[in-house]
Amino acid sequence: MKHLASLLAAPALFGAFVVAFGGTGCGARTELVLPDARDADAETETEPPKECLETKDCPGFDDKCAPVSCLANKCVAGAKVVCDDKDPCTDDTCEPATGKCKFEPSTLDLDGDGHRAPLAGKKPGEPGSCGDDCDDKSAAAFPGNKEICDGVDNDCDGIVDNDARYVPPATGPDAIRVSGDVQEASPAGLAFANEQYLAMYNGRLSGKLRVYGAALDPLGNKLSESLLNKSTVDSVEGRVAWNGAQFGVVWSDRRDASWELYFSRLDKTGAKLDPDLRISEGDGSWSIGASLVWTGKEFVVAFQDQRDLDPQFNVWGQRISVDGKLVGGNVKLVDDVSSGPDLAVGLGTLGIVWTQQISATQYDSYLRILSRELAPVSEPIKISSGKSGESPTIVWNGDRYVVAFFDKVGAPKTIYGAAYDEKGGVVVPLTQLTESPKFSRYPTMLPLGDRLLLVWSDTKDGASGYELYSKMLDKKLVAIGGESRITSAPGESVGAGMAFGPKGDVGVLFRDDRLGTVQTYFTRLVCTAGK
């Protein structure tokens, strides 16, 4: 396992690059719960009623959902309020302050298009789904809408930009520098909303690490830039996810001496909506390497943590509500990891991938399926299958999880992928995704429902370093058409991440040293009709 101090000192990516746009129960009830029936002969201990002079002396006297009264100097419980409107698509609760019932929809409509997201595990519009919106992160996606080239499944047929390809622009520079006046910078996250991209990157300034957020226009030109954390402590990462109404951002900093994880919501302009929320619970531990997704109802963070000064890192998870509050506490997800994790949201589950180092040069990549409440659905599944699996990444593509990693020690030194269902069953066995006489590394994927876009770094064309390439794969991970070279400048172009932008463009944020120092750059692929 890499030593953490050297990892943070190097101008490298911190964990997997994550791009994300983004309670399964339906109709929860408040019921009177009776004690279990017991054998009449069994001895039971019953707590005597509390003594009182007036009702306010009784514990819970102000809870009007479970009323209590002082009768004959004893606290006597009354009948509890039961809230049930017989509608399976509402969450039914009683307000303790008033004793009145609230009946709230079980699903959300954050994009404001009048169509609600389905319940977890349900397909949009199917019986019992309580919603027919296939993408609640975009008001342009709802049943019956017209499909256009915009990076959205407009008509909710399960396919994004039907039959479209994504190619580099015919004119203009191959990339635009995003990072500002910093010594070195690496990308952390990219999302799109309100007709502009939000690009997060880590920059080193005067020896200190900082997290920056840059607003970019549709072509990648910088509109504004600000520090995510304005304190003087080191900060890293800056994973970002859009949920249809606001951005969620997670990062790690040292304000509490050790590296701890924090979360904040941002509005469409990138301005903070809340005070910073600490996520990690350990004291004196290292909490880094975060991944962030939006499930349709909550944000979920997975991160590496050296809790209790354990010599090994484990992966922990945390749920965060739509209004930026913690849902429960940290949940341990995986033992003994070397890098990762990366998360993806399935129909009713979450998929998580990570690596485990087994020798100086050999890594194993793993997948695990989790419930939306972060409980294990499957055991860890080794996906590298005899290969050295580094930098694993995962996406949900319509009806399956697709995973990819690169092998830098095998023959060939290339990128592999596989697909799994929501129970962890193999749908597509391990498949070679790229062909190169040299090195293919650092895969990232964008799911389109019936196909997916793969972008990676390669040295195949004899350039002085890695360049970015793209190709389309079908659901069986077979190439559709040829591949495109995206960048062509001297130096290394690596560590890409993607997000859909305007008019179907795909924004690509990556690390590059073409000017002699490591900086963060933006480029794009243009949506083109036809196969």
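The model is predicted: local features need pLDDT of at least 70, side-chain atom pairs count only at pLDDT 80 or more, and totals for chains, interfaces and linings use all residues. Residues are numbered from 1 along each chain as its sequence is written, and side-chain values use heavy atoms, with hydrogens and water left out. Strands are DSSP runs (E, at least two residues) numbered from the N terminus, and two of them pair if DSSP finds at least two bridges between them.

- Strand β16 (residues 287-294) runs antiparallel to β17 and is joined to it by six bridges; serine 287 has aspartate 305 of β17 as its bridge partner.
- Three residues lie between β16 and β17 in their hairpin, and glycine 296 in the turn has a positive phi of about 110°.
- Strand β18 (residues 313-321) is also antiparallel to β17, with eight bridges between the two; isoleucine 320 in β18 stands opposite phenylalanine 299.

**The four-stranded open sheet**

- An open sheet of four strands has the order β24-β25-β26-β27, with antiparallel pairing.
- Its edge strands, β24 (390-396) and β27 (426-432), each pair on one side only.
- Neighbouring strands of this sheet are turned by 15° against each other on average, direction ignored; the axes are lines fitted to C-alpha atoms, and angles run from 0 to 180 degrees between N-to-C directions.
- Four bridges connect β26 (residues 415-420) with the antiparallel β27, where glutamine 432 is the bridge partner of tyrosine 416.
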